[in-house]
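Here are some exercises to work through with the model open beside you. Try each task before you read its solution.

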Amino acid sequence: MGSFQAIANYEQLSALTRQMREAAEQGEWDKLIGIEHQCSELVVTMKAVDAAATLDEAARHRKDQLIADILADDAEIRKHVQVWMGQLQHNMQSNRQEQLVLKAYGA
């Protein structure tokens, strides 16, 4: 049971990170945050199962594949988030500059 559950948990985590990547690609930031909360909850439950599981060669290989997929999705998510954060920072700076100009001219 431990081995099966451990792999099932990684499968679920991989599916969630794939959904997060898709949300990031589409700019659906609230959706991404909601899925991230699900991931966090799953990781907490995974720790005990993963520590107790004894995996055979095939299961270890599958786990390694899933972790690679998760990390690849995470890298893509980070790229999209960094672009969004840059745009947000630019918009905030523009708004600040506009407010300073308005204040300077008494508007």
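**Exercise 1: the pocket**

The largest pocket has a volume of about 230 Å³. The volume is the space filled by probe spheres set on grid points joined across faces, edges and corners. A pocket here is an open set of points, on a 1 Å grid over the protein atoms alone, where a 1.4 Å probe fits, with protein on both sides within 12 Å along at least five of seven lines; lining residues have an atom within 4 Å of a point. This is a predicted model, where local features need pLDDT of at least 70 and side-chain atom pairs pLDDT 80 or more, while totals for chains, interfaces and linings use all residues. Residues are numbered from 1 along each chain, and side-chain values use heavy atoms, without hydrogens and water.

Task: find which residues lie nearest the centre of the largest pocket.

Solution:
- Step 1: the lining has 13 residues.
- Step 2: Thr17, Met20, Ile70, Asp74 and Arg78 lie nearest the centre.
- Step 3: helix 3 gives the most to this lining, 6 residues. Helices are DSSP runs of H or I with at least four residues.

**Exercise 2: a residue of helix 1**

Task: decide whether Asn9 is buried or exposed, and list what Asn9 touches.

Solution:
- Step 1: locate Asn9 in helix 1.
- Step 2: Asn9 has 6% relative accessibility, so it counts as buried (under 20% relative accessible area, with a 1.4 Å probe and protein chains only).
- Step 3: leaving out residues up to four places away in sequence, Asn9 touches Leu42, Met46 and Val49 (heavy atoms within 4.5 Å).

Conventions: Helices (H or I, at least four residues) and strands (E, at least two) are DSSP runs, numbered from the N terminus. Buried means under 20% relative accessible area, exposed over 50%, partly exposed in between (1.4 Å probe, protein chains only).
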